[in-house]
Amino acid sequence: MNAMLSALADICRREVFREKIVVVPSQSLGHQLLEALSSAGVPWLNVRPATPFDLAQQVAATDLFRDGRVLLNAGQTIALVEEALSNMAAAGQLRYFAQLQETGDLARLLHETVQELRLAGLTALSLPPRAFVSPQKGSELKRLLCLYEAALRQRGLADQALVFRLALQAACCGRTPFRAALFVIPSEQEFPPLVHSFLSRLSAGARQVLPAEPVRGLYAPSGCSFPAGSEVREESLLSRLYDPPAGRSSPGAEIFGAYGAANELREVLRRLKDGGLPLDSAVLIHTSSETYLPLAHALTSRLGLPVTYAEGLPVRCTRPGRLALQLLRWLADDYASASFGRILTGGDINVPSPEKLARVLRRWRVGWGRDRYLSCLPTGGQRSESGGQSLDPDLRKATIDEATVSLREILEKLLAALPPAGPDGHLHYPSLARGLLAALTAFSHTSTEADRQALEALSENLTEAADEFGGSLTTRQALIRLHRRLGGLASGASAPKPGALHVASYHNAWFTGRTHAFVVGLSAGSFPGGGLQDPVLLDGERRCICKRLSLREHVPLKNTLSLVRLLASHRGRITLSYPCYDPAEGQPASPSGLLLQAWRLASGDTGADYSTMLGQLPPYATYVPDDPADSLDQDEWWMAAVLRGRHSAGSESVSACYPGLGRGLLAAEARRRPFFTPFDGLVAVDPAALDPRRNPELVLSSSQLEKLAACPFSYFLSHVLRVLPADEPVFAAGAWLDNLSRGSLLHDIYCRYLRETYPPGGPAAAPDKDRLLTLAHEMIEQKRGEIPPPAERVFEYERDNLLRDLEVFFHLEAEHTSAPAFFEVPFGASSDDIAAAGLGQSDAVTLALPDGSTVRLRGRIDRLDRAEEGHWEVWDFKTGSAYSYSDHEYFRQGRQLQHALYGLAAEVILRQCGVDNGAQVRLTGYLFPTEKGEGQRFNRSAASRDTALKVLARLLDLAASGVFSASHEEERCYYCEYKTVCRTPSMGQKVKELLDKPELAPWKELQDYD
């Protein structure tokens, strides 16, 4: 037993029948203490653990009942502070903290300050404003305390500080229920001043202080604690950690480093496995809950190891906790469908076939906005053809209908639970908390104990949240408030249990009774902390306000002292470790000073420095163990066996077990070879399937052909394999329409205006700018209904840009010399489109190539003008930049082929439809009627038609020969939608090196056409 347990054992033997109250920070630690006594064979009778607040409540119970006071929880006290700050702001009394109030953090921040001041025994009357660096800050804090105290008094409420104050008054008058009790207080505990005063009075004349092992070389900062009556003379090995005896080694702890915190935990488990140690013989002591608890949970869950957590597991590590935070994120994103799609595919929501639901959700292009879900998704009685786009070829119509009905039911239930914001953008906070709880109850996974405990904790916390604040907040403030509350919540706190590894912070690892202690996270950046100033009360102000307030500059020393006391009290084996690399920051991490002291103590070299220690430590632990026998799972075993050269079967055995991975290894090996392979884009194809010259059923478009010319690999993915990128509106806080949607809207406005101004077969009307703008406003509003803007200001900005673009369009039209005749002329399209245009054909246009073969083409001609008798012009509107267009590059290796193909198609349509039997297109080109395009015009003469047909033939040769290489020019990849699945730029670099190979001859020949 250590010194503290020995002293408590002596008290239990000496005071057998007397009531003994052990003052502990938490009930969990108190029970651990009693279990440690039992494990040591010490009988105890009439011993009970109690926290200081438990004792205060019992002492002050009569006064609280007499005054009719209701005890507040932490959330309710924050609400009181928030209310007081709002009153101060309304009265113009908040100037120093005014800017912080806008961030939404002020109430939480000042709540901590208010509670600290009150637990120090201070009131509004005793707070001196001149003690602050800024008297204005002092005055505002004084006013805040005054309003807070008035609210407690007027409403009959009590916070912790008031309970301790009433209990102190009762104890001073001798009114306590513990007249014969003996109070046992561990010496290392530190209390707030008011709590210390209460315990001092309560235990006066009946107090025993439990001593701890001495710690040499460190001084304890002044604080409110109870010193032991006599110092323990017997030292443990680590009592002299900071005062090592020179020339004498004292190996009190082992030390190792690891590449990252995750590998640090893996090494702990490997050492337990290697030593044949049961899990319940060890305690894992960490220095950072935020870093180590999620990693410990992820690793032990994967390995199926039982674990207990002293502080509980953060709910964000469980499926109900993640779902709660994801739902809040969904609301913060204005119900963006992309966010809800991630919820469906993330594995945390309990719904049938979530992947299928996500694909169907993407089909209906909801975009964002609460009201759009039920309006975009058809009801069960509607057919799937009634809406939706981007049909997924893997989903049959019946499947789509069934999944749509299921998705709608889920969304109806969710949206009914989660309250909408009011017209003023405010959310009723209690309704939000209760609605989130209803959603979690309906859709949370609860198959594991951790998930069940997390849902219980969330339920309790959300119920408290609904009761603590009854008003409305802006949507952002309400979501931030609830996110903060849930983000720091933990569940399933537990004492050590048989058969389970116990995980605890170094502040809560006392009395575990474990023989092996592993202390992780001892890097300089994590331990002992920086001692930063409090953001509200500076240390200088603390000294002036109250001599007994703790100082932030003492935090590193107190943390060090706390851990050293823990290590000195431990009876058993100790292992210390640190992560030598921070993968998040991508940089090395240094060991803390405590590790250097441990090394000096163990080696006897009191002058050793970091370089000496690091040079003699064992190799850093990695994901792959040195010995396959130390592996924790089959992945580690295989990697250790192969990478350490202890297993003869390498990729062959892997390929046999995992065929998909085997094919990937084969592809990687082929791409390293100095010739063009099937894995670089040389595909064995049936020319009749991909070459329209041999397959009359195959119809192409100019955009397909231009994509083939830009990058055959991209064409292969999109038009051969039919791998389509996700097609759904993505919420962006600062943008409304993407480039494609914006261009489509402008094209629709152009077409409608031009058709009204130049009706087919009717007299042309005079150009009318007002009519153009009227149509524009009407169609912009219609688009707004289809795709909601993220904010009114964003909509107004983009609408104004669109209107300015239309000014450019109108002026460009005024300068145009030919007579407009037909617009959006389709070929290979429906009869409705043809009727709207007044010209076109339902069949694809057949074009003859120089060798006599033919190609069928479909498309839509933006504008067809009559120049003079028998002569026509074809124009295409471009709404982007004119950067890649010039007067001397007509085809750009086939990437600009549309003008020539549409010119040929226009002649066929005009002749076959009987509009002009001798029609000839003498001029084609591109118009850029936007600010970005600067109203430019690029003409293409019909004299280049023969060259265009040669380029087309070369493109078809590429497809027929199966040459689907990546582009060798990286600039073509900037706006490619397949960059995430392409191995650019390495793919293109290999093509550039192999351009002279016979297989790439069609591609190389194509590059000669400007």
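Me: Leaving aside its neighbours within four places in sequence, which residues is T404 in contact with?
Reply: With those neighbours set aside, T404 is in contact with V360, W364, L377 and P378. Keep in mind that this is a predicted model.

Me: And where is T404 found, in which helix?
Reply: T404 is in helix α16, which covers residues 397-417.

Me: Buried or exposed, that T404?
Reply: T404 is buried, because its relative accessible area is 2% and the cut-off for buried is under 20%.

Me: OK, switching to the open sheet of four strands. What's the order?
Reply: The order is β2-β1-β5-β6, and the pairing is parallel. β2 (47-50) and β6 (207-210) are the edge strands, each pairing on one side only. From one strand to the next, the twist averages 25 degrees.

Me: How many bridges join β1 to β5?
Reply: Three bridges join β1 (residues 20-23) to β5 (residues 182-186). V22 has V184 in β5 as its bridge partner.

Me: Which strands does helix α3 touch?
Reply: Helix α3 (residues 52-67) packs on the sheet and touches β1, β2 and β5. The direction of α3 makes about 95 degrees with that of β2.

Me: Now helices α18 and α19. At what angle do the axes cross?
Reply: The axes of α18 (residues 449-468) and α19 (residues 475-487) cross at roughly 145 degrees and come within 11 Å. That crossing of α18 and α19 is right-handed.

Me: Which residues meet there, between α18 and α19?
Reply: From α18 there are L458, N461, L462, E464, A465 and E468, and they meet R481, L482, R485 and L486 in α19. By class, that contact has five nonpolar, one polar and four charged residues.

Me: Aromatics next. How many aromatic pairs does a search of the whole structure find?
Reply: The search finds 28 aromatic pairs. One of them is Y259 with Y620: the ring centres are 5.4 Å apart and the planes are at 75 degrees, so the pair is edge-to-face.

Me: Why does the pair of Y259 and Y620 tie together parts that are apart in sequence?
Reply: Y259 lies in the loop between β7 (254-258) and α10 (261-274), while Y620 is in the loop between α23 (610-616) and α24 (634-643), so the pair ties together parts 361 residues apart. Y259 is partly exposed at 43% relative accessibility, and Y620 is partly exposed at 28%.

Me: What about Y750 and F809, how far apart are they centre to centre?
Reply: Y750 and F809 are 4.4 Å centre to centre with 15 degrees between the planes, a stacked pair. Y750 sits in helix α30 (residues 739-757) and F809 in helix α32 (residues 792-815), 59 residues apart. Y750 is buried at 0%, and F809 is buried at 0% relative accessibility.

Terms used
Residues numbered from 1 in each chain as written. Predicted model: local features only at pLDDT ≥ 70, side-chain atom pairs only at ≥ 80, totals over all residues. Heavy atoms only, no water. Helix = DSSP H or I, 4+ residues; strand = E, 2+ residues; numbered from the N terminus. Buried < 20%, exposed > 50% of the residue type's maximum accessible area, 1.4 Å probe, protein only. Contact = heavy atoms within 4.5 Å. Pairing = 2+ DSSP bridges. Axes fitted to C-alpha atoms, helices over the stretch in contact; angles between N-to-C directions. Left-handed = near helix turned anticlockwise from the far one by under 90°. Nonpolar A, V, L, I, M, F, W, Y, C, P; charged D, E, K, R; others polar. Phe/Tyr/Trp six-rings, centres within 6.5 Å; stacked < 30°, edge-to-face > 60°.
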